[in-house]
Amino acid sequence: RQMSKDLSQNGWIIVTGGGPGSMAAANQGAKDACVNGEICSLAETIRLPFEEFVNEHVQDRTHHDDFFTRLEKFSRECDAFIVTPGGVGTLLELSLVYQLLQVEHIQNKPIICVGYMWRELREWIKSTMVNPGFLSMEELEMVHYVDRFAEATVLLKGL
């Protein structure tokens, strides 16, 4: 929540999937930072059988019928990606954006993974993809890994 508030106060618009948990916290932080009727908290939603609502902090949203159009819009329109701990959907989003950055279909869009689980993924990628030559060290370094949201905020402001 605090990271989104800080970033929104610095001109960033926060976009999430509109769901509960960390997405709601991110939307709330952005909404809290808005002044003069600005829109700071957006969502790219998709209907899921276990999530039938959009969190109350979303100011505007676009609904998608499938993951493909949602991911395409995220990758095309977002300027940076902050990846928080999550499940398979989060991993899908991270993988897609990482791939697009790797093959230069998108450029100059930082990916910052926050939390210990992503450091473990980095180590797995390094041992199973870099060491055999499927991925270069330069490509591995395209994704930033931090432990705390405050570190992500500082990193993003400095890029």
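Guide: The term stands for a side-chain nitrogen of Lys or Arg within 4 Å of a carboxyl oxygen of Asp or Glu. Helices (H or I, at least four residues) and strands (E, at least two) are DSSP runs, numbered from the N terminus.

Arg119 is partly exposed at 31% relative accessibility, and Asp147 is partly exposed at 39%. Here buried means under 20% relative accessible area, exposed over 50%, and partly exposed in between (1.4 Å probe, protein chains only).

Before we move on, please keep in mind that this is a predicted model, where local features need pLDDT of at least 70, side-chain atom pairs count only at pLDDT 80 or more, and totals for chains, interfaces and linings use all residues. Residues are numbered from 1 along each chain as its sequence is written, and side-chain values use heavy atoms, with hydrogens and water left out.

The structure holds nine salt bridges. Another of them joins Lys73 to Glu44, with the closest N and O atoms 3.6 Å apart. Lys73 lies in helix H3 (residues 67-77) and Glu44 in strand E2 (residues 41-46), so this pair ties together parts that are 29 residues apart in sequence. Lys73 counts as buried at 18% relative accessibility, and Glu44 is buried too, at 7%.

Arg76 and Glu77 also meet in a salt bridge, at 3.1 Å from N to O. Arg76 is partly exposed, with a relative accessible area of 46%, and Glu77 is partly exposed at 45%. Salt bridges that share partners join Glu72, Arg76 and Glu77 into one network.

Helix H4 (88-102) and H5 are the elements that give two or more residues to the lining of the second largest pocket. H4 provides the largest share of that lining, six residues. A pocket is an open set of points on a 1 Å grid over the protein atoms alone, where a 1.4 Å probe fits, with protein on both sides within 12 Å along at least five of seven lines; lining residues have an atom within 4 Å of a point. Among the lining residues are Leu91, Tyr98, Trp124 and Phe134.
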